Every structure is written in structure tokens, then in C-alpha cells.
Amino acid sequence: MANRTIIKVEGLNLFYEELQALSNVNLDIAEKEITAFIGPSGCGKTTFLKCINRMNDLVPGCVIEGKISINDVDIYGNINVDMLRRTVGMVFQKPNVFPMSVYDNIAFAPRGHGTRKKADLDALVIDSLTRAGLFQEVKDRLHKPADELSRGQQQRLCIARALAIGPEIILMDEPTSALDPISAEIIEGLCRELKENYTVLLVTHNMQQAARVSDKTAFFLLGQCLEFGETSQVFSHPQNEEFQKYISGKF
Amino acid sequence: MTAAFFSVVTIASIFVFLTSGSFMAIRKIGFLEFIFGPAWNSNPSDTLVGEIAGSYGILPLIVSTFASAIGALIVGGVIGFFTGVYLARFCSKKTSPYISQLINLLAAIPSIVYGYFGMMIVLPLLSYLSPTGESTGTLALSIVLGLMIVPTVTALTKSSLENVDESLYECAAALGLSHDKAVFAIEVPSVQRGVMAALLLGVGRALGETLTSVMLAGNKVNYPTSLFRSIRTIPGNVALEIDGAGELQLGALIGSALVLFVLVLVVFGMYNIVKNSKKKQQGQGIFAKLWANTVARFTKASKVVSIVSTGITIFVLSSIVVLILLNGAPNLGRQFLTGTYSGGYDTIAAPIVTTMMYVLLTALVSFPIGVCTAIYLTEYTSRQKKGRITTLIEIAIDTLSGIPSVIVGLFGVVVFADILGIGTSILAGCLTISLMIIPLTSRATQEALRLVPESYREGAYALGVGKARTTFELLFPSAIPGLLTMVILAVGRMLSDSAAVMFTMGGVLGPLPTGYLSQGSTLSTAIYVLGYQHEYYGEAYATASILIIIVLSLNLLSTFILNRFRRSSRLRKA
Ligand SMILES: Nc1ncnc2c1ncn2[C@@H]1O[C@H](COP(=O)(O)OP(=O)(O)OP(=O)(O)O)[C@@H](O)[C@H]1O
Ligand SMILES: [Mg+2]
């Protein structure tokens, strides 16, 4: 069964000043699947991810060509960027909790988006924390500063925070690279659960991780997408020569 | 957005004011006669038409201003520089922070206090040395202005030495150079630019000192042909003659302020060039050669000089505080602090109230504008390509924060008090001083916002939280310690200002102010009025003591806040 395409990328080029960081990327990303992005450092994975929620708008001198549509809406057309970012949540490589309580970290964005009633917020906070698999661990310290949590817990809090704004798509940029193996494993498991309801784009440096959790895999090199397909297919029958070298560790 | 342009508008209007206000007068006097004329002998009845009875040449003023600034540079530059070297490289790691802290505290003492100290202590001491017994003049002024800039020079020298790449020292040590040699022959030359920048900043400040100059220079219009000859500086001249100035006289005063403005701009321009120049110029220029042949050769002696300088710095600066407090304490009675005014000068209740009213209103006017400018600059522009507008605003802010108080004061008294019809009053003072406080708050707020980790912004924007909410509800709370420091810094600056306050508030000591349209004195100007104008020395000492105590406690408070914050954030990370 092939899931419906939710993100369609066509002829994407991206420049930071002179440097071309992405060249002619074309991808169809399916709904409610995990798509992994792998490739050597500096190949443009983070850059690609940030195109999808337009975080690159914040980078001075960044120019984007081509088309990205989500649910058939051109996201570089005339849309509200804040609304886009509520549809596309993002989790960063390093946990970046805000300097407030666990509760407020999650409630901060929804409050701004119009959820004001305490009961609604309470429910939302509990729901998001539960989905992120964190509720049991922090239920007694919801009102303690969030930076007292462990790194792994902080990262899951960031995931909960992203879930609380009700996204359809979640971008994860190496969410486990700053964590210990146990926390990493928890987050991997979490990704698998999340795909029931969300489309997940996962950047990782860990090929085993990509092979373990993802449905599709895309391989980037020097800003180009050289290989893209079903994860099992891609790893067992790699088409691209460079990709073969990469997975056999000859890079 | 509108707030951001404030500084640009201000700086432009000050410039327009200075040029247009002096144009007619200078034309009447004759440009060359004005700049190169050898005598200043004003006559208030001179107007823009008809015969001129006085003479309006400002060359002696220019030369005197320069001479005292250079003198200050020699005194303060040398002492400050060697103290900075000592603290960064010779002092034990344990004591160095305490001494630096002390010197920073002393930097916060208002210049009027230094001036009064000079008048009461330095002048009598110097009169033993002077052949004529007259001690006012270039030497006295240079010494006191020099002491004033010591803390700045020390701090900047120290920090630039501390930022030297460690490998440089290791390299020198590996070549078998002694510690002294490594420091003076290798490390110090590599921070040339930092030291130059520090010195220029000091000169910029010394050029604009006003009431200090009135108290110490002697005020006769002369060329500084001897160290003890009475001189008059440009700012001093403005302060002495602004009251009751005639039409032509006022124009000429504004013209002299324009000359000062240009001088200061040149100095700050050089400062910016030196600070930002990327190219390392080592071993070039006469200074470097001079250095290589003197200090770098005799490193043992240089080390001794460093130790001695540090001793002098600590001793002199702390004795200023101690002497003022000792002399002031006996006068700090109840009548003095809260008594009712009865025609004499035995109470400063009015300046105390005036100061409070003034600080309050100035803060209300300048903080919002300064903070908005900073938000505009950090949160709404720098992310996009740094545009011309941003650069323009930043240049305006930098220039505005460097303009001497005397110029802004002159602008305030003519524009706010006369043209807008507010009259010399507390209100005019608040508006005028705000012009100087706004760039300061805006710079400090920018710093505070820049220290907020970028990841907070990223996190919030990625959640689709809008810019305004991110700024006000996430970034601001995170920047609170920085903002508090900003407030304390700004209040300290308000308390310190003397020249602009003097001009715009009228500098009278009278009954309690009845409102913002009353005239008055702040604590700073009260020192001048009591001590210099009316020779109520004990009372002036007492006022200076109060001011010192307030400023020092503000400073300690801000250090305390910062330390506390640092500690708590470290604890949380661990
Ligand atoms: N803000 C920026 N300004 C200029 N160049 C940038 C910027 N961000 C990234 N680049 C450049 O774009 C290229 C792609 O960077 P990107 O961060 O997307 O790589 P990546 O695949 O995520 O690498 P890593 O695996 O190390 O995170 C790199 O050459 C990088 O130097
Ligand atoms: Mg990356």
C-alpha cells in the first residue's frame, strides 16, 4: 500500500550567498511514514530540512529556487509562515528547551496560538508529554525548570513541545546525536510510534538507525539527492555508486 | 522602527543646530579670524549687525583643550596602560579580579567628584611646586583628567592582553625568553591596536570634560606656555559664558562647540578605524620603533614601572574616595539632608528631590525608546542582510554616545529651553539628558539580547510563534540580568552628568522644586555650585560623599546581580 504524497519537492536549488548548498532536489515524501536522510557532513541535509518549514528565511543571503508543496499548497507562495511552522514541527540536534518550567515549555506556543483556558492547556500538556513518552517521568515536576531534566528527557520535551502545536509533519535533525545510547533508543522507538499519526523526516548520521526505523531513505551528497527509495531496497540493492561506497564505509 | 530612527534624527539635528546656530556669527566674525584669532574677549552686547566690540578668536581655547587632553593622555595613558599590563600578566590570578573590580568601581565615580577632589587636594599640593604659587592650569587639569581616564585605559588594556592567543606566549617561552621579556617584547606589541583604541577613547572623554576644566584650569584665555599658566578650554568657555550670552557671543560659543564636535568625531572616527582594522600592523610606525627601543629593551624596569603604576592607581583612586568621605561625613547632618531652605547653602534637600524627579522622568523617556531601538536592531534587521539603514542607525548611536555632554547641553538649552519655550527647568534637563541616555540603553539592551542563545529563537520560530511574542515573552525574560545592568548603568550615567544638567536646569540651589518646570540642581551640579561657586567646601564634600555612596552601591548591586545570575545558571547546567 502506497501512502499519499504529502510533501512534493521539485527542482529545489538553494544558495547561501555564493555557495550552492542544494542542487536540483526532487522528492515525493509520503504521508505517515518515516523518511530518513543520510549523507556525509555538509551535504545539505539540515539545509533541506529547514526548507520545509522555511527556517532558512532567517538566514541572511539565502536564496531558494524551485517549488515545495505541502498538501498541494506551494509553501513559498503567499502563505502565513507561522501557520506553516505549526503544520511542520521541528526538533533540533541539540535539545533547546526554553528557560521556563516543563509545563510552560509546552504551553508557550499554544498560548500564543490562542489556547488560553487552563483546562485546555493542562490537557494539551499531558497529552503531548504522553505522546512523547515523557509524562510518567516528569509528572511530579511539571512546574520545575525544564533545564533540570536530563539531556534525553529534554530532547523528548522538545518533541512534546513540537507535538503540542498539532503538526502533521515533524522534522527531526539528528535528534539522537547529542544523547546517550539508551535515550537514543527511546527516541527511536518514539519515532516508530509517531508515524501512526505524523509524517516524520529524520536526519541521521547513523546508518543502522536509518535502516532500523525508516520506511524510505534518501542519500545526499554535495547538495544532490543521489538515491531515494524504500529503505530495505536501498540498503540491499544500492543503485548509486557513491552510495555503495558510503554504506560500505569507504568514504 | 520609528524609535530606531530617533538617534539618526537627533544626531542630524544636533549637527544642523551647531552649524546653523553658529553660521551667522562666524560669518560676521570671519571664519579665519574665528579659528585663528589669538584672543577671546567676548562682549554680551555684540549682535549680528553693527560694530563688534569684543574679540572672538578661539585658537587659544583650541590649543588649551588639546594640551590638557594630551596631558591627560600622558598621565592617564601611561599609568592606566602599565596598570593594565600588571593586572593581566604579573598580578597573581587570585588578587587580580579584586583589583580590577575596585578599579571598575572607581570608573563609575562621576567626573565632577574627580574635579572637586582636584580642586581641593591637587591644586594645593601643586602650588608647592609652582614657581609663582599659582597652581591652576594645564598640569593640574591634565593630572585630574588623566586620573579620570585611568580606569578605562586599564580595563581595555587588560582585556586586550587577556585575549592574546596563548600560543604566542608559549612560542616566546619556548624560545627561552623570560616572562617579562615575553610580555613586553612579544605580547604587548601584538595588542597595539587595543591599546591605541583605549587611549583614543580616553582622549575623547578628556576633550569634553567641562566643569572639571572650569574648576582646575584657571580660566584665563592664554596659550598653555607653561604648565602652571592659567588656561581656558572650549567646554570650560561654554560653561562660563553661556549664562547671559549675547547674540553674537552665543553664536560664537555654538561655533566653538562645533569645532569641539568635529575634534571629538575625528577622535572617535580614529577609534573605530583602529578598533575595526583587520590588518595587523606590527613593527611599523614610530610608536612601534620607539617601543622596541625603550620599554621592550628594559623589561625589568618596565615591570617595576607596572608595579609602581598599579600602586599609584590603587592608592590615588582609593584616596579620592576616602578623602571625600572623611571630609564629607561631619557635614552629613539632618539639617543638611532634609532641612528647609532658608536662603543659605546649608541644605541639599532640594537637589535630592530634584535628582529623584530627574532620574525618574529621564528613565521614563529614554528607556522605552532605547529598548525599542535595540529590539529593532537585533530582532528585526540583523537577520536579514545588514542593510544601509541598520548601519546608519548604528553609526548614529555610536556617535551620539560619544558626544560630550557640553554639546548636548548647549543644544538642549537653546532648542528645548529657548526655542520650544520650556525654559531652563528640570523638564528641559530630562529631555536633554535623554538624548545621551537613549544610545546607552540601546547599546546595552542590544548586548543583553545578543547574549540570549540563538537556539531559543530557533526553537520558538520553529513552533510558529510570532516575532513579537518571541521577543517579549521569551527573549526579554531571558535577558533580564542584562537589562537590569543596563538600567543601573543608565542611572549611574544620569547621576554623573554635570555639564548638560548645569546648562539646562539652571544650576540654582533653592527651595524644593514645585514641579518639572522648576529650576534646580542635581547632586552632581550641587557639588559645583556649592564647592566652586559659593565656597561651601564642607557641604560640597558631603554632597560628593552622598553621590559616591549612591553610585558605588548601584555598581555593587549590578555586580551582585550578574554574579548571582551566573552562579544560578551554572548550577542549573551542572
Ligand atoms: N547559514 C549558513 N550560511 C552559509 N552556509 C551555510 C549555512 N548553513 C549551512 N551552510 C553550508 O551549506 C552546506 C550544507 O550544510 P548543512 O548544514 O545542510 O549540512 P548537513 O548535511 O546538515 O551537515 P551535518 O551532517 O554536519 O549536520 C555546508 O557546506 C555548509 O557549510
Ligand atoms: Mg546538519
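Leu562(B) touches Pro481(B) and Thr485(B), leaving aside residues up to four places away in sequence; touching here is a matter of C-beta atoms, placed from the backbone, lying within 7 Å. Leu562(B) is found in helix H25 (residues 537-573) of chain B. Helices here are DSSP runs of H or I with at least four residues, strands are runs of E with at least two, and both are numbered from the N terminus. Leu562(B) counts as partly exposed because it has 14 C-beta neighbours inside 10 Å. The scale behind that label calls a residue buried if 20 or more other C-beta atoms lie within 10 Å of its own, exposed if 12 or fewer, and partly exposed in between, with C-beta atoms placed from the backbone. Between Leu562(B) and Ser302(B) there are 260 residues in sequence and 35 Å in space, C-alpha to C-alpha.

All of this comes from a predicted model, in which local features need pLDDT of at least 70 and side-chain atom pairs count only at pLDDT 80 or more, while totals for chains, interfaces and linings use all residues. As for the labels, residues are numbered from 1 along each chain as its sequence is written, and chains are lettered from A and ligands numbered from 1 in the order in which they are written.

Staying with chain B, helix H24 (residues 523-533) has nine of its eleven residues buried, so it is largely enclosed by the rest of the structure. Just after H24(B), Glu535(B) takes a positive phi of about 60°.

Chain B also has a helix pair to look at. The axes of helix H9 (residues 192-208) and helix H12 (residues 247-276) of chain B come within 9 Å and cross at roughly 165°; such axes are lines fitted to C-alpha atoms, for helices over the stretch in contact, and the angles run from 0 to 180 degrees between N-to-C directions. That angle makes H9(B) roughly antiparallel to H12(B). The cut-offs are under 35 degrees for roughly parallel, over 145 for roughly antiparallel, 65 to 115 for roughly perpendicular, and oblique for the rest. The crossing of H9(B) and H12(B) is left-handed, a term used if the near helix is turned anticlockwise from the far one by less than a right angle, with right-handed used if clockwise. Among the residues making the contact are Met196(B), Leu200(B) and Leu207(B) of H9(B), along with Leu263(B), Val267(B) and Tyr271(B) of H12(B). By class, the contact of H9(B) with H12(B) divides into 14 nonpolar, two polar and two charged residues. In this sorting, Ala, Val, Leu, Ile, Met, Phe, Trp, Tyr, Cys and Pro count as nonpolar, Asp, Glu, Lys and Arg as charged, and the others, Gly among them, as polar.

Chain A has a helix pair too. Helix H6 (residues 151-163) and helix H7 (residues 181-194) of chain A pack at an angle of about 20°, their axes 9 Å apart. This makes H6(A) roughly parallel to H7(A), and their crossing is right-handed. On the H6(A) side are Arg151(A), Gly152(A), Gln155(A), Arg156(A) and Ile159(A), which meet Ser183(A), Ile186(A), Ile187(A) and Leu190(A) in H7(A). Four nonpolar, three polar and two charged residues make up this contact.

What about the place where the two chains come together? The contact takes 17 residues from chain B and 24 residues from chain A. On the chain B side, helix H20 (454-462) and helix H21 (467-478) are the elements that give two or more residues, and H20(B) has the largest share, with six residues. In H20(B), Arg457(B), Gly459(B), Ala460(B), Tyr461(B) and Ala462(B) are buried. Their cover includes helix H2 (81-87) and strand S6 (88-91) of chain A together with H21 of chain B.

Finally, ligand 1 sits among residues of chain A, including Tyr16(A), Cys43(A), Lys45(A) and Val59(A), where being around the ligand takes a C-beta atom, placed from the backbone, within 6 Å of it. H1(A) gives the most to this shell, with three residues. The shell has five nonpolar, five polar and one charged residues. In the loop between H1 and strand S4 (62-70) of chain A is Arg54(A), whose phi is near 60°, a positive value in a residue other than glycine.

How values were computed:
Two residues are in contact if their C-beta atoms, placed from the backbone, lie within 7 Å.
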